[in-house]
Amino acid sequence: MRTIRGRLTFWYTVALTATVLVFGTALYLERRQSSVRELDQRLALEADFARRWLNESYQVLSTVLRPTDPQEIQPGVAANFEGVRDLLLVFDRAGRTLYLNDPVRQLNFAAIERLVALVGPAPVGSSIGTAVLPAGEGPMRHVTLPVDGAGTEVGAVVVAAPLSAVAFGPADLVQSMVLIVPLILLSSVVLGWFLAGRAMRPVERLMDEVQEVTDGRSLHRRVAVPTSGDELARLAVTLNAMFSRLEQSFSQLRRFTADASHELKTPLTVLRTGVERSLVHPGIPPEVLEALDTTLEQLNQLNELVDSLLMLARADEGRAPLALEVQDLRALVVDVGETAEMLGEQHGLSTRVVVPDHAVAVPVDAHRMQQLLLNLVTNAVKYTPAGGSVGVVLEDEGEGVRLTVRDTGIGIASVDLPHIFDRFWRADPARSRTGNRPGVGLGLAITKWIAEAHGGTIAVQSRPGRGSSFVVYLPRTGASGPGDEG
Ligand SMILES: Nc1ncnc2c1ncn2[C@@H]1O[C@H](COP(=O)(O)OP(=O)(O)OP(=O)(O)O)[C@@H](O)[C@H]1O
Ligand SMILES: [Mg+2]
């Protein structure tokens, strides 16, 4: 059982079943004992009545036997036995029957024989017990009572009744239980499921709320603390405290990156200006010039890195607002296409730019959008060997626009695809033959942020050795992403 709710229901049902079984068994045993006790009392009363009637009749008549046939009780005396509704037998002292009442006579022969055998040839003291009669008569409870005041002939009376004759017998109880127990079980499953569901509902609500805190940007959210003050309230408080700590560390981290990048910018600019000035200084020996050139190149790369870091840090903090303006995306695409062509030529690639023949007006931040396209285009050029081709396509989709940058380059392994938008992630050069192409692995992270800040998406399709295709979809409704807050 996968859910706590299922387990709770299961154990609830098990516990209830066990309780019902124990209770039912105890009730059954107690019921059986007391009903046998009641039956015994009844039989004893009847036997006592028969004995006293025989004794009194003897005192009045001086014999209870038929004068003509001393093997039978006189009809006048026997008439009074008709009131006994259980089986009644009167024996002489040798264990032969002197009288059988109607219910006994209705039994079959084997059953009567068995009853007669209960007394035996020499009846002594009183006894009580259960006998199983043959031929399906079922177990009989019987009471034997010696009679010694009704002449030398009369020996004992036996009164017997089937155990099944008890008013509300244990058998009835078992029957009712067999009917009731499945009902109880069924309702316990339903009730258990319902109760467990109720108990788990606040937990599920909490889970939903926690699930909504998906990334660093939603850490400002807090889950609602139940007013009940119970375990769940504590859990909610604990979670909220955890969110606070996480939020704090996240924002410290962002602040640090933003501050560090920002602080780096000024000295970098000063450095670059210095190197640029030195470069144009007359009379510099060629080897120094070369060193300065390399330094300037490195400085430019460093500057780009710092810019990227600063932008991402600001975006994380929600401090990178978009300057949205409705404009024809074609101009932008053609512009970037020209850059792509230039870059492609240097690397021996052919470039193709396709735009619709009507204006494609979309609210975008032109500068960011250019950055997005340039990132994709430079990647395409960077990761495509000479002889390949790069394509930039703009399509009007009605609800939105689709920008595709595709190349016939080295492609991306499918295991790498989930990581390419991660910050500082670059494919393993040994595996993907990226060689020593320059870059730090921030380009696609920024690209993704720009697309999402415009309310759009970015997707990639790629096959190693065949090329890649990055598709950016921008809705016409404009930005609704994380970049436009703040
Ligand atoms: N068009 C492409 N073809 C093949 N692999 C690519 C392509 N674009 C991106 N990749 C892979 O994804 C990685 C991440 O790309 P990303 O643009 O973020 O970083 P980068 O180009 O290495 O560095 P930079 O920060 O300068 O852009 C690349 O290192 C490369 O392995
Ligand atoms: Mg790149």
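These legends describe close-up views of a predicted model. Local features need pLDDT of at least 70 and side-chain atom pairs count only at pLDDT 80 or more, while totals for chains, interfaces and linings use all residues. Residues are numbered from 1 along each chain as its sequence is written, and chains are lettered from A and ligands numbered from 1 in the order in which they are written.

**View 1. Helix H8 spans residues 329-346.** Helices (H or I, at least four residues) and strands (E, at least two) are DSSP runs, numbered from the N terminus. H8 has 18 residues and reaches 26 Å from first C-alpha to last. That is close to the expected 26 Å, taken as 1.5 Å times one less than the number of residues. Gly348 follows H8, with a positive phi near 70 degrees.

**View 2. The buried side of H8 includes Leu329 and Leu332.** Val333, Val336, Gly337, Ala340 and Gly344 are also buried (20 or more other C-beta atoms within 10 Å; exposed means 12 or fewer, partly exposed in between; C-beta atoms are placed from the backbone). These buried residues fall within an arc of 130 degrees, so they line one face of H8. The arc is that of the directions from the helix axis to the C-beta atoms. Among their packing partners are helix H9 (366-382) and strand E9 (389-396).

**View 3. The face of H8 turned away from its buried side carries exposed residues.** They are Glu338, Met342, Glu345 and Gln346.

**View 4. Ser126 sits in the loop between helix H4 (109-117) and strand E3 (127-133).** Ser126 is partly exposed, with 15 other C-beta atoms within 10 Å. Val143 is 17 residues away in sequence, yet 7.4 Å away in space, C-alpha to C-alpha.

Notes. Two residues are in contact if their C-beta atoms, placed from the backbone, lie within 7 Å.
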